[in-house]
Each structure stands twice: as C-alpha cells, then as structure tokens.
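Biologist: Could we go through this model together, starting with the terms?

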Amino acid sequence: SSGVGSPQKGRERQRRRTRNAIVNAAAALLAQGKDPSIAEIADAADVSRRTVYLYFPTLEQLLIDATVGATSEEGFADLWAAPGLADDVEARVEALARWICRRAHDTMPLGRTLIRLTLESSGERAAPDAPRRGYRRVGWIEEAVAPLRGRLRAADLERLVSALAIVLGWEALIILQDVRGLSLPECEEIMVRTSRALVGSATRRAGD
C-alpha cells in the first residue's frame, strides 16, 4: 500500500493546517499593531489555548515564528535579473539595500516587534531549529556577495557579510529614522552608500 489517504497522513495534514492557522492568526494580529495574548491568538485561529501550547510552548516562540513568516521574500528572486548584476557586487548590494528599504513601510512594524521579542526572550527555545532573528538577512547578503567567493579569502568574505549585516536591515533603519530623523528615501540612500563603500573597501584590500 502506498499509504496515500492513510489515517497517519491525514493526521499530519491536519497538524500542518492547525499550525499554519495558529501562525497566520498571530501574524494577522501583529500586522494590525496588536500585542496578542495566547487567548487572543487561539480565538482568532478557532482553536483552544491548549492546542496553541501544544505547537508553541511559549508565546515568544509563536510570535517570533509568526513575525519571521510574515516578512516575505517577494521580489527577492528578481533582484539579480537586471543587466550587469551577475558579477558587480557593489551593484548587487545596492539592489538589496533598495529592496529592503522599499519594503520597509510594510515590514517595519513587524521588524520592531521581532526585535523587541528577541531582546526580551531568554534565548532558550524549545526547538533548536526555532526561527532566529536575522537568518534570512544573512542569506540575502551572502547571495548578494556570492561573486566574491574565490576572490576574497573566506575570512574576509565572512567579515564583509558581518559588516553588511550591520547596515542592511531593520536595526539600521530604526537608528536612521528614530535617532537621525531621516525619511525612508534618505535612509535608503545612506544604506546604499554605506553598503557599496564596505564592498569597495573589501575588494580594494584584496587587490581588485
């Protein structure tokens, strides 16, 4: 028997649907600017509080998962499609910076929530593969600088990724907006110039 339609497969599909319903309900409440409780999320997902705790032992874990999931990568796959972006790393990080900034109107409320939750969290989560703040950003940056693999020493490439992680993301936008009082277009130009400068400095040191 192939097992298609078996009770076990049916239960697994139901578990996925239930988990998705919980995460989607939490994400929807966060997107409305709310700081939801387990009871509110359970009500929105039409499940019991006990069911929510079966999937997410802590409220923080659920909200982090919901926030990470809500920050989609729409448009990311098309970033490198423009002419000249195959090997021009400065242009690639510029494209990434502009993509991050132009999504900020929709993603910043979630970003602020995610930063607060992870700062408040003890850092001890039930599952070792629980969402971690910044893991998507690092992946985006690594893809942007991918043409430098083999041109920079591995340690230098890692340092460049770390430096870019400081200037490309929600934290940089919060500093530029809240501390410097800049508009989003002004933030975008600062992030573009800074990220390009970091790449330029790294490649010059490597003799490019």
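Modeller: A contact means heavy atoms within 4.5 Å. This is a predicted model, in which local features need pLDDT of at least 70, side-chain atom pairs count only at pLDDT 80 or more, and totals for chains, interfaces and linings use all residues. Residues are numbered from 1 along each chain as its sequence is written, and side-chain values use heavy atoms, with hydrogens and water left out.

Biologist: Which residues does Val192 touch, leaving out those up to four places away in sequence?
Modeller: Val192 touches Glu94, Ala97 and Arg98. The C-alpha atoms of Val192 and Ala97 are separated by 5.7 Å, although the two residues lie 95 apart along the chain.

Biologist: Where is Val192 found, and is Val192 buried or exposed?
Modeller: Val192 is found in helix α10, residues 184-205. Its relative accessible area is 4%, so Val192 is buried; buried means under 20%, exposed over 50%, and partly exposed in between, with a 1.4 Å probe and protein chains only.

Biologist: Which residues of helix α9 are buried?
Modeller: In α9, residues 170-179, they are Trp170, Ala172, Leu173, Ile174 and Leu176. Gly181, with a positive phi near 70 degrees, follows α9.

Biologist: Turning to the whole chain, how many helices and strands are there?
Modeller: The protein chain has ten helices and zero strands. Helices (H or I, at least four residues) and strands (E, at least two) are DSSP runs, numbered from the N terminus.

Biologist: What share of the residues is buried?
Modeller: Of the 208 residues in the protein chain, 40% are buried. Among contacts with a separation of 6 or more, 68% involve residues 24 or more positions apart.
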